[in-house]
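Q: I'm new to this one and would like to learn how to read it. Can we go through it together, feature by feature?

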Amino acid sequence: MARHVFLTGPPGVGKTTLIRKVSEVLKSSGVPVDGFYTEEVRQGGRRIGFDVVTLSGTRGPLSRIGAAPPAGKREYRVGQYVVDLPAFEQLALPVLRNADSSSGPGQRVCVIDEIGKMELFSQTFIQAVHQTLSTPGIIILGTIPVPKGKPLALVEEIRNRNDVKVFNVTKENRNNLLQDIVMWVQSGRK
């Protein structure tokens, strides 16, 4: 039976909203949950980038439109967005390492929203995701993009794993998936 649960669907369909709701339900029922999600940053009604937000509330930049890369560092770009790899790694990696090291008795849930082009510039992040996927006692609740253009190796690997259940989120089903996702995560904890 699938242990890890991933959501996929087009941008803006509500994957992050669902992840946050599932996290709240799990926490309120006593399940240890940690991780991070990405959130749009808007200015004057226009999206200017994305932030990484840990479930403990720490926030930092993932990307910004037209931002310059840190001095002396390589530029990582997805479309008009410049990825701040050091800031992303500083927030996301400790959360993944904590999930790996703190799995005492019972199963823990690690939220990884999202595993996409911006995040995959980080080789350290890719290694941490592999480690977390294979760590007993950890269930990943994550998001992956829909296949489009050149396949992303880690995303396809996740999509094809035997221990992963993938929910396809659409505007039509997004309001009805909460209980199914919670149930899958909880069944993976047994």
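Q: Which share of the contacts between residues at least 6 apart in sequence joins residues at least 24 apart?
A: Keep in mind that this is a predicted model. A contact here means heavy atoms within 4.5 Å. Among contacts between residues at least 6 apart in sequence, 65% join residues at least 24 apart.

Q: What box do the C-alpha atoms fill?
A: Taken along the principal axes, that box is roughly 45 × 40 × 30 Å.

Q: And what percentage of the residues is buried?
A: Buried means under 20% relative accessible area. By that cut-off, 46% of the 190 residues in the chain are buried.

Q: How far apart are the mean positions of the positive and negative charges?
A: The chain has 25 positive and 17 negative charges, and their mean positions lie 2 Å apart.

Q: Which residues does a cis peptide bond join?
A: First, the general idea: most peptide bonds are trans. Here, a cis bond links Asp113 to Glu114, with omega at about 20°. To find Glu114, look in the loop between strand E7 (108–112) and helix H3 (123–133).

Technical notes:
Residues are numbered from 1 along each chain as its sequence is written. This is a predicted model: local features need pLDDT of at least 70, side-chain atom pairs count only at pLDDT 80 or more; totals for chains, interfaces and linings use all residues. Side-chain values use heavy atoms; hydrogens and water are left out. Buried means under 20% relative accessible area, exposed over 50%, partly exposed in between (1.4 Å probe, protein chains only). Lys and Arg count as positive and Asp and Glu as negative; His and the chain ends are not counted. The place of a charge is taken as NZ of Lys, CZ of Arg, CG of Asp or CD of Glu. Helices (H or I, at least four residues) and strands (E, at least two) are DSSP runs, numbered from the N terminus.
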